[in-house]
Amino acid sequence: MKTDIQIAQESKMAHIKEVAASIGIQEEDLEYYGKYKAKLSDELWDKIKDRPDGKLVLVTAINPTPAGEGKTTTTVGLGQAMAKLNKKAIIALREPSLGPCFGIKGGAAGGGYAQVVPMEDLNLHFTGDFHAITSANNLLAAMLDNHIQQGNVLQIDPRQVVWKRCLDMNDRSLRNIVVGLGRKSDGMVREDHFVITVASEIMAILCLADDLEDLKRRLGQIIVAYTFSGEPVTADQIHATGSMTALLKDAIKPNLIQTLEHTPALVHGGPFANIAHGCNSVRATKMALKLSDITITEAGFGADLGAEKFMDIKCRKAGLKPDAVVLVATVRALKYNGGVAKQDLGEENLEALAKGIVNLEKHIENVQKYDVPVVVTLNSFVTDTEEEYQFVRRFCEEKGCEFALSRVWEKGGEGGVELAKKVLDTLENKESHFHPLYKDELSLKEKIETIAKEIYGADGVVYEAAAAKQLAKIEEMGFGNLPVCMAKNQYSLSDDEKLLGRPKNFDIHIREVYVSAGAGFVVALTGAVMTMPGLPKVPAADRIDVVEGKITGLF
């Protein structure tokens, strides 16, 4: 079998103007980035905003494992399958981060014969959106430190600077640093920190902003520090809002590319779901809904992270209502949750499957809490057996949700037709009564505890003293009505990544809480989750090369 990058490089792409024309976009509304990438103009939205919305399908998954689940692959393949059935569908995805591309996870363009292309461009620099976000983030940091250096008129307490620099790379050495060393002119010595770009509040703001004016307003509300008297200091007060907006003027425009089968794909924004809200931009999703009959989007990691935040943050803030949810699993991943070692996952093991399927069970129950119809799909592997498929099928049907096999990695759109038909049947015959999990009026502690108990299955929540104090301060500042963005490891429903399956008798531990006032949510850090990842012992970067002008090793 060819590698993902070989398949992508051998594909014949259509000119992006042809892809755009298939969904009624004229050339005058395209801003070209070569032959196969384009940004969509601001004027396009004015032309289509009064059209009725198509159906919205969210693709999510069980907790990720080393065996792989194929959530993005399924999303892409489902879009291709819809085209096979003559349905006007658009895929709405996030942009990949360089961190996992060069780390352990790889890119985020799908896989096999269900990919978006150009694959190398997308996984590397693409249209420069992440570079613009990184630059805007670090410009704000530079202007903040410069304000302190040049007299500190706002009386900022250097011990209470909360804005962090960012870099779109896994680099553990930058988590905790000291800046300002050297001469007096080199700045004030203080502890500082880096986060990965996808965890920056500016990434979240870009993905939640309605338009350029809304982006500018949100940027100005970012809290960067506190004064000696404890008052918040914003980006507006540092006079950084206008220059940050200038850097992001083009980045806020959604990007149009295509799948291997020329299905349109809007790929825009890329917050991580374990440390941010994990969804593509509101602008891209809303635009896709106006341009298609069916929009297929995905949210990062398992349903306990990406789907929960899609429902409780993105949909709440943007007024979106999903019509169906596709929940992706694999037999291999379920057996892994049942205690089978990675090297033994190719052997039939119904006992382990029965033990591990409780992870899928919990995710089904979680999605059903939002009153949205669920379709479970198994991403097929050649080592799976018919007995294993039937076991999962019966389990899903007993739980009141549809089931379909997906073979999109191997067969592209053709391998997703069974799934597409199930999704179409669900859209036509089952009504979504979507509602968020909790109400705005609840206290922040009540929101955190609702997510911990209802979604993770925890007994309760334990707050470190600093976190409890931070929560009280945030509510005192008037941000108690905001939704909560839980930062948690992606491998377990709990905050301990080693507890697989469906853990019981555990508490969620909150170590830090802060407000992202521009994005419009409060972040709660749980357990040992990191906002700046590190590289593994053997990073993917070891295998990436350029041979005779072609990139190799990217996956």
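Biologist: How do the axes of α8 and helix α9 (residues 212-220) cross, and within what distance do they come?

Modeller: This is a predicted model. In it, the two axes come within 9 Å and cross at roughly 150 degrees.

Biologist: Why are α8 and α9 called roughly antiparallel?

Modeller: Angles over 145 degrees count as roughly antiparallel. The axes of α8 and α9 cross at roughly 150 degrees. The pair is therefore roughly antiparallel.

Biologist: Which hand does the crossing of α8 with α9 have?

Modeller: α8 passes α9 in a right-handed crossing. On the α8 side, Ile202, Ile205, Leu206 and Leu208 make the contact.

Biologist: Now the second largest pocket. What is its volume, and which residues lie nearest its centre?

Modeller: The volume is about 1,200 Å³. The lining has 42 residues, and Val161, Val162, Lys164, Glu512 and Tyr514 lie nearest the centre. Elements that give two or more residues to this lining include α8 (201-208), α19 (465-476) and β22 (507-516).

Biologist: Which element gives the largest share of that lining?

Modeller: β22 does, with 6 residues.

Biologist: What makes up the lining by residue class?

Modeller: It divides into 23 nonpolar, 8 polar and 11 charged residues. Tyr counts as nonpolar here.

Key. Residues are numbered from 1 along each chain as its sequence is written. This is a predicted model: local features need pLDDT of at least 70, side-chain atom pairs count only at pLDDT 80 or more; totals for chains, interfaces and linings use all residues. Side-chain values use heavy atoms; hydrogens and water are left out. On a 1 Å grid over the protein atoms alone, a cavity is a set of points where a 1.4 Å probe fits but cannot get out, and a pocket is an open set with protein on both sides within 12 Å along at least five of seven lines; lining residues have an atom within 4 Å of a point. Grid points are joined across faces, edges and corners, and a volume is the space filled by probe spheres set on the points. Helices (H or I, at least four residues) and strands (E, at least two) are DSSP runs, numbered from the N terminus. Axes are lines fitted to C-alpha atoms, for helices over the stretch in contact, and angles run from 0 to 180 degrees between N-to-C directions. Angles under 35 degrees count as roughly parallel, over 145 as roughly antiparallel, 65 to 115 as roughly perpendicular and the rest as oblique. A crossing is left-handed if the near helix is turned anticlockwise from the far one by less than a right angle, and right-handed if clockwise. Contact means heavy atoms within 4.5 Å.
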